[in-house]
Amino acid sequence: MTQLRLIWQEVLRIPDIGVHEDLFDLGGHSLTITRISGRIRQRLGVEVPLDAFFDTPTIAEIAEIVRPSVKER
């Protein structure tokens with residue numbers, strides 16, 4: 001979850017983001033989602049569908065999607 005949090009902080013340019021804060025409340029939008037998804041793919045090797053961010057817009061929720069794939073590696 002630490003890597004996800006760092007990615008969100010970099011992309012959104014916010015120094016401290018809680019894992020339960022809503023991406024859209026933080027100013028996120030479709031371009032932001034594309035950037036976050038790309039960095040997750042680069043750093044963690046996991047594809048997160050863009051629509052997942054609309055259904056699960058917090059770091060904690062995205063971590064639940066990413067975690068099983070990271071463990072398989």
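Threonine 32 touches Val11, Leu12, Leu23 and Gly27, with residues up to four places away in sequence left out of the list. The model is a predicted one. Threonine 32 belongs to helix H2. Its relative accessible area is 5%, and since buried means under 20%, threonine 32 counts as buried.

Arginine 13 sits in the loop that runs between helix H1 (2-12) and helix H2 (30-44). Its phi is positive, about 55 degrees, although the residue is not a glycine. Exposed means over 50% relative accessible area, so arginine 13, at 75%, falls in that class.

The aromatic pairs come next. The count is 1 aromatic pair. The rings of phenylalanine 24 and phenylalanine 54 have centres 5.4 Å apart and planes at 20 degrees, and the pair is therefore stacked, given that planes under 30 degrees apart count as stacked. This pair links distant parts of the chain: phenylalanine 24 is in the loop between H1 and H2, phenylalanine 54 is in helix H3 (residues 50-55), and the two are 30 residues apart. Phenylalanine 24 has a relative accessible area of 29% and is partly exposed.

The accessibility values are collected here.

| Residue | Relative accessible area | Class |
|---|---|---|
| Threonine 32 | 5% | buried |
| Phenylalanine 24 | 29% | partly exposed |
| Arginine 13 | 75% | exposed |

The loop between H1 and H2 holds arginine 13 and also phenylalanine 24, while threonine 32 is in helix H2.

How values were computed. Residues numbered from 1 in each chain as written. Predicted model: local features only at pLDDT ≥ 70, side-chain atom pairs only at ≥ 80, totals over all residues. Heavy atoms only, no water. Helix = DSSP H or I, 4+ residues; strand = E, 2+ residues; numbered from the N terminus. Buried < 20%, exposed > 50% of the residue type's maximum accessible area, 1.4 Å probe, protein only. Contact = heavy atoms within 4.5 Å. Phe/Tyr/Trp six-rings, centres within 6.5 Å; stacked < 30°, edge-to-face > 60°.
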